[in-house]
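Please load the model in your viewer and keep the sequence panel open beside it. The stops below are meant to be selected one after another.

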Amino acid sequence: MSRFVTVLPSARKLMDSLRDIGYDLPSAVADLVDNSIDAGAENVGITFGGEGSEAWVRITDDGMGMTPGELDEAMRYGSERTYSSSALGHFGLGLKTGSLSQCRRLTVASRRRLKGRIAVRRWDLDVVAERDSWDLETPPRSELPRHLLEPLQESTGTVVLWENLDRILAFRNPDGAAARRALESMAAEVATHLGMVFHRFITGEWTGGEAFVNIAVNDAAVTAWDPFVREEQRTKVLRRQTIKLPLEDGRTAKLRVSPFVLPAQNEFSSPEAHQLAAGPSRWNRQQGFYVYRRDRLIQSGGWNRIRTLDEHAKLARIAIDLPLGHEDLFGINVAKMSIVIPEVARPPLRTIASAVVQEAQRKYRDQLDVAPPGTEPSRGGKSLSMASGGGERGPSLSGDWPLILRTVNEALRDDPGRRDDLLVRLANAFD
């Protein structure tokens, strides 16, 4: 009969190793917002407070909160909590790994009932390093900062506080002006990311308009960013398709695919709308697949090795909704930032992507094929201009495209964004 020995991992080494699991600041904050939404919160606030080495980041919500026992379990690495079919949480790691990827001290306060006591627990990596033990800390109330407990004085909910921001304030002088400017920039980046990742929740699209989640960063409301700019009249909504994926038990999982072709620059309602539609990573890098797990955006753009990024395909964006209960088929990582498309889904997705890209390329080139009033179409498209006097046709933008593209490429090879802008401006100059 076998004998067993319990071998606990070193708390110091494992917790330190898990800091590099793949989070950046926006994705770490987004993981905590997942928890707030799962807790039924209607309002979530992210605050960047303090200054210099005393700076902190706080995430608050008005959800159902946790009892002391539930908080103990939530702070466990690999929580045994059972997630519902609609929960955004998945691995039981996000609260800890996401938070400690950015800071060295994580303190969580939560209240389940208005008249109940506020429960507080803490992981401090410096204390863990000293003790090398999985002993969760309950700090004395006298040591707790006011900004930790204040949001719970008249509300249920949870407050997550990050202190000792060694990864966020990785500056030689964290008290300097450069660090202060960096925090402001980071706050703006977090707001942009949350507006993209949770756009279906902020607009109520996830419930058909019956419920909304309000998210604020430094008291400023986060605006939803729709990757498919459906408010623009010239956005082309292509037919939704369903890919059936066979499962080992003989059943099938359904992958919903919704393709869109965005308007060309000269079709947008305003220059500001066109600039906003470019997205956080700008036009070229925002093309491709937008993968949702339970209405939460996991991946924003990219083709997952089905095709490569192409300047002429930048108007193609495709929403993919993972099959409920079968998300594991797509290898979602702990940071919820990327997926792996299974081989069985790649051929049909490649076919759909090719058709959408073809339509997007046509739309892209059409905007460059513009003629001024009084000109006649050339064989390759509309004439860009007419020679004066003799009525001979001048150069055609579409007919002479290879020459124009080669010339512009040579001049602006290292700046594809500027190259693209130049071509569009050239076309619009003759509109």
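Helices and strands on this tour are DSSP runs numbered from the N terminus, a helix being H or I over at least four residues and a strand being E over at least two. With that in hand, select E232, which sits in the loop between β7 and β8 (236-237). This is a predicted model, in which local features need pLDDT of at least 70 and side-chain atom pairs count only at pLDDT 80 or more, while totals for chains, interfaces and linings use all residues. Residues are numbered from 1 along each chain as its sequence is written, and side-chain values use heavy atoms, with hydrogens and water left out.

**Stop one: around E232**

Buried here means under 20% relative accessible area, exposed over 50%, and partly exposed in between, with a 1.4 Å probe and protein chains only. A salt bridge is a side-chain nitrogen of Lys or Arg within 4 Å of a carboxyl oxygen of Asp or Glu. E232 is buried but has no salt bridge, and the nearest side chain of opposite charge, that of R234, is 8.7 Å away; for charge, Lys and Arg count as positive and Asp and Glu as negative, with His and the chain ends not counted.

Now colour the strands and follow the open sheet, where seven strands run in the order β4-β3-β5-β2-β1-β6-β7 with mixed pairing. The edge strands are β4 and β7 (220-221), each pairing on one side only. Two strands pair if DSSP finds at least two bridges between them.

Select β3, residues 105-111: six of its seven residues are buried, so the strand is largely enclosed by the rest of the structure. On one side, β3 pairs with β4 (residues 119-124) in the antiparallel sense over six bridges, and it pairs with β5 (residues 157-163), also antiparallel, over seven bridges. Pick L106 to see this in detail, as its bridge partner in β4 is W123 and its bridge partner in β5 is W162.

**Stop three: salt bridges**

How many salt bridges does a search of the whole structure find? The search finds 23. Begin with E70 and R112, whose closest N and O atoms are 2.6 Å apart. Because E70 lies in helix α3 (residues 68-74) and R112 in the loop between β3 and β4, this pair ties together parts that are 42 residues apart in sequence.

Then move to D72 and R121, which form a salt bridge with closest N and O atoms 2.5 Å apart. That pair links distant parts of the chain, D72 in helix α3 and R121 in strand β4, 49 residues apart. D72 is partly exposed at 33% relative accessibility, whereas R121 is buried at 12%.

**Stop four: helix α2**

Finish by selecting helix α2, residues 25-38, whose 14 residues reach 21 Å from first C-alpha to last, close to the 20 Å expected at 1.5 Å a residue; the expected span is 1.5 Å times one less than the number of residues. Helix α2 is mostly covered, with 12 of its 14 residues buried.
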